Amino acid sequence: MEPFRFHLFVCIQQKPEGVPSCTASGSFSVLDKLDREIQARSLNSEVQLTTSGCMGLCDEGPVMVVYPEGVWYRRVQASDVSEIVERHLGAGKPVEKQVWNDGPAMKAMATEHEQRFRSAMAARDKAGILPDRLEQMIRGYMPSRCILTALELDIFTAVGEGASAEQIARTISANENATAKLLNSLVALGLLSKNDGTYNNMSEAARFFVQGSKDNHRNGLMHIANIWHRWSTLTDAVRHGTAVGTDRESDRKSTGDFITAMQRNSKERAPLVVRALGTDGVRRILDLGGGSGAYSIAFAKASPNIRCDVLDLPEVVPLCTDYVAKAGVSQQVHVRAGDMLRDDFGSGYDIIMLNAICHMFSEAQNLELLQRARKALTPNGRLVVQDFILNPDKTGPQHAALFSLNMLVSTAAGSTYNEAEITRWMSAAGLNDVSRINLPGPSALIVGRAK
């Protein structure tokens, strides 16, 4: 049974550089063009597009198979896609010039490929060679650091509509030879193109990394660049059990980058939280450590009857106030300076939110924080913790496990926690009916009600 009129499989198996593969021959471009063509022709309900692993025909890639007929295409390029979609998917007539229908030759090639592969793997294993998966993880910092340096130097903005290494180096006040090496590496990573000595931004870089683009993420990503330096202290942090060599002055200077990064993330997740919690009966909300105010803004936009207080550090207040003003909800969202670990919260709140806050503090600090928050709730009010929730043995999900190390290198006693730990804090703080609400993405909500 085939639920779709056509089902396409495109190989995207990645292999080491220098080894023939469909991806090395351009299968990702083929996949992207197929998706856009199918969307443009409104064939979504008739065509299922699926990626696949190696089909054993790497020397003839990119390879694509179309079912239910079982038509095999070889050496497909992005420039071929429009014709294939129009003729094969639209009119039911395969593009014969690229169809590969020599079954015995295909089987022989695939069989030979498998034998070579298994022989090579056996030889590597016998020789004790480091597996590719481990090698890639260990060297993963290289492309990351390359991109982060490009962001720090604002390379992509300097590239603009096209520029030479000399021009770019002059713009960013850097050494020309070293700049050229960085630019060439960015070409290798697929973020820039190079033609006759002129570099240009590829589409993703132009959209997300260039100042002035409506989807520019550079300012927020500078927070990741700042974190990089912290992660370099991980070995010492593990030895000492806490962050080492922190620079408070540097932290203050990077506050803007951090809030920008949080705004990008929170703006996307805030409507999900509003839908999960609802607005019925909600009049007052306290947003502890609200950062950019994204969650309070979302609640204010969801109901004109809701009033929100955002409590955050003095250096965050003007940034949050600006976001609130731009959102047009200044009459509903009030921003005040304070320290959530020390200052009075007030009272009469229907919801108190701790969005991405608990991971900054120790268990003892979190318990005390939740106890103080409980006293500020109305009867039957809700305390909401949103965070990266670890599984019971704390070995996953991967993002939450790695984020615990991020807190180790960045805070005095912060960490990520599992559901049982947060539930225990809530119960000890006098909250009941504690429940978990899963959201799309890496974080979830733990909600408790005041007795």
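This is a predicted model: local features need pLDDT of at least 70, side-chain atom pairs count only at pLDDT 80 or more; totals for chains, interfaces and linings use all residues.
**Entry 1**

Residues are numbered from 1 along each chain as its sequence is written, and side-chain values use heavy atoms, with hydrogens and water left out.

I looked up the geometry next: the axes of helix α13 (residues 255-277) and helix α14 (residues 294-302) come within 8 Å and cross at roughly 45 degrees. Axes here are lines fitted to C-alpha atoms, for helices over the stretch in contact, and angles run from 0 to 180 degrees between N-to-C directions. Helices (H or I, at least four residues) and strands (E, at least two) are DSSP runs, numbered from the N terminus. The two helices are therefore oblique to each other; under 35 degrees counts as roughly parallel, over 145 as roughly antiparallel, 65 to 115 as roughly perpendicular and the rest as oblique.

Which residues of α14 make the contact? I found Ala294, Tyr295, Ala298, Phe299 and Ala302 there, facing a set from α13 that includes Gln263, Arg269 and Leu277. Contact means heavy atoms within 4.5 Å. The contact residues divide into ten nonpolar, two polar and two charged. For that sorting, Ala, Val, Leu, Ile, Met, Phe, Trp, Tyr, Cys and Pro are nonpolar, Asp, Glu, Lys and Arg are charged, and the others, Gly among them, are polar.

**Entry 2: α7 and α8**

I then checked helix α7 (residues 165-172) against helix α8 (residues 176-188): their axes come within 9 Å and cross at roughly 110 degrees. α7 and α8 are therefore roughly perpendicular to each other. From α7 the contact uses Ala165, Glu166, Ile168, Ala169 and Ile172, and from α8 Glu176, Thr179, Ala180 and Leu183. I read the split as six nonpolar, one polar and two charged.

**Entry 3: the seven-strand sheet**

I traced an open sheet of seven strands in the order β9-β8-β7-β10-β11-β13-β12, with mixed pairing; two strands pair if DSSP finds at least two bridges between them. β9 (333-337) and β12 (431-438) stand at the edges with a single partner strand each, so one side of each has no neighbour in the sheet. The twist averages 20 degrees from one strand to the next.

Strands β7 (residues 284-288) and β8 (residues 307-312) run parallel and are joined by five bridges. Ile285 has Cys308 in β8 as its bridge partner. Helix α15 (residues 317-327) lies across β8 and β9, at about 175 degrees to β9.

**Entry 4**

Four bridges join β1 to β3, which run antiparallel, and His7 has Tyr67 in β3 as its bridge partner.

Phe9 and Tyr67 form an edge-to-face pair, 5.8 Å centre to centre with 85 degrees between the planes. Phe9 lies in strand β1 (residues 6-11) and Tyr67 in strand β3 (residues 64-67), so the pair ties together parts that are 58 residues apart in sequence.

Technical notes: Rings of Phe, Tyr and Trp (its six-membered ring) pair if their centres lie within 6.5 Å; planes under 30 degrees apart count as stacked, over 60 as edge-to-face and the rest as tilted.
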